[in-house]
Amino acid sequence: MPTRFYPQPSTPPIESDTEFLTAFRDHEFDQHYPDHIREQSACHWTPIDVCQMAAQMLVEAPGTRVLDIGCGPGKFCAAGAATTLGHFTGVEQRIRLVKAARDLLERLRITRAEIVHANITTISFAAFDAFYLFNPFEENILPMLRIDHDVEMESRLYDDYTLHVQQQLELKPLGTRIVTYYGSCAEVPECYTCVKTAYDGTLKLWVKTHSHLEDTSDSDAPPEPCRFPHLI
Ligand SMILES: C[S@@+](CC[C@H](N)C(=O)[O-])C[C@H]1O[C@@H](n2cnc3c(N)ncnc32)[C@H](O)[C@@H]1O
């Protein structure tokens with residue numbers, strides 16, 4: 001689990017909403033949440049500095065539409081919308097996290113971000129250009145990562161959700177970007193290539209570099225390591 005020491009910042013004068021957000025350190029940012037959400041931050045929500053770097057990796061031009069797959073209380077969407085010119089949508093299955101995320105966006109007056117209360121299986125990937133994932137489905141197979149008991153958890157859901165996301169991402173055009181933070185990256189199809197890493201390799205930028213319909217097999221080459229061990 002990521003654990004960090006945050007030195008006390010020397011506080012600069014703050015003149016805009018964006019500066020207001022970027023001036024936060026992670027533990028300060030989390031003060032915007034109720035206790036039960038703040039207490040889960042170190043394990044379950046992306047640190048604010050990582051959110052900013054991930055958003056910068058994903059937004060290639062003003063208006064890039066980014067989807068956070070399992071957005072929790074909305075840190076990534078808030079930081080991304082405040083520090084880039086992209087448009088951020090978070091989809092989240094837990095209503096209490098949806099409410100916390102919407103409250104946060106309203107309180108910080110962050111526009112170009114919205115939160116959808118839904119399961120990822122109901123979302124059209126055609127409406128988005130780029131995607132962010134921080135361990136959305138792992139709690140189905142790792143009980144110690146369980147956030148709460150508000151939603152059904154089963155190992156078959158890990159397989160179902162992972163396969164669904166993988167298939168949707170396969171259909172996206174060449175050049176599509178994904179950023180993953182931690183995790184097995186099993187949701188990322190083989191037609192994407194990891195082109196950049198940060199934070200000791202825990203943050204990865206993937207770009208779709210070849211069509212999933214192309215036959216990339218080479219009979220003389222050793223087989224690629226399996227990135228989807230739960231389905232074999
Ligand atoms: C580890 S948290 C990451 C939250 C946020 N993306 C971040 O980086 O701070 C994963 C989130 O995915 C949500 N989630 C898991 N499965 C989901 C599904 N099938 N549909 C929508 N949200 C889901 C969980 O409720 C949880 O809030």
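Helices here are DSSP runs of H or I with at least four residues, strands are E runs of at least two, and both are numbered from the N terminus. By that count the chain has 8 helices and 7 strands. Keep in mind that you're looking at a predicted model.

**Whole chain.** Start with everything shown. Of the 232 residues, 36% count as buried. Look at contacts with a separation of 6 or more, and 63% of them join residues 24 or more positions apart.

**The core.** Next, select A54, L58, C77, A78, A101, F131 and Y132. These have the most contacts inside the largest nonpolar core, which has 52 residues. Now colour helix α5, residues 48-58: its 7 residues are the largest share of this core. Stay on L58 for a moment. Leaving aside residues up to four places away in sequence, L58 touches T64, V66, G86, A130, Y132, R177 and V179.

**Helix α7.** Move on to residues 95-107. This helix has 13 residues and reaches 18 Å from first C-alpha to last, close to the 18 Å expected at 1.5 Å a residue. Show side chains for L97, V98, A100, A101, L104 and L105, which are buried. They cover an arc of only 165° around the axis, so they sit on the same side of α7. What do they pack against? Bring up α3 (35-38), α6, β2 and β3 (113-117), and you have the partners of the buried residues of α7. Just after the helix, click R109: its phi is positive, about 55°.

**Helix α8.** Now pick residues 155-170. With 16 residues, α8 reaches 23 Å between its first and last C-alpha, close to the 22 Å expected at 1.5 Å a residue. Its buried residues are Y158, Y161, T162, V165, Q168 and L169. Look down the axis of α8 and they fall within an arc of 130°, so they line one face of the helix.

**The ligand.** Last stop: select the ligand and its surroundings. The shell has 22 residues, the closest being W45, T46, G70, G72 and F134. Colour it by class and you'll find 11 nonpolar, 7 polar and 4 charged residues. Finally, highlight α6 (75-83) and β2 (87-92), each of which supplies at least two residues of this shell.

Note on methods: Residues are numbered from 1 along each chain as its sequence is written. This is a predicted model: local features need pLDDT of at least 70, side-chain atom pairs count only at pLDDT 80 or more; totals for chains, interfaces and linings use all residues. A nonpolar core is a set of buried Ala, Val, Leu, Ile, Met, Phe, Trp, Tyr and Cys residues joined through C-beta atoms within 7 Å. A residue is buried if 20 or more other C-beta atoms lie within 10 Å of its own, exposed if 12 or fewer, and partly exposed in between; C-beta atoms are placed from the backbone. Two residues are in contact if their C-beta atoms, placed from the backbone, lie within 7 Å. The expected span of a helix is 1.5 Å times one less than its number of residues. The arc is that of the directions from the helix axis to the C-beta atoms. A residue is near a molecule or strand if its C-beta atom, placed from the backbone, lies within 6 Å of it. Ala, Val, Leu, Ile, Met, Phe, Trp, Tyr, Cys and Pro count as nonpolar, Asp, Glu, Lys and Arg as charged, and the others, Gly among them, as polar.
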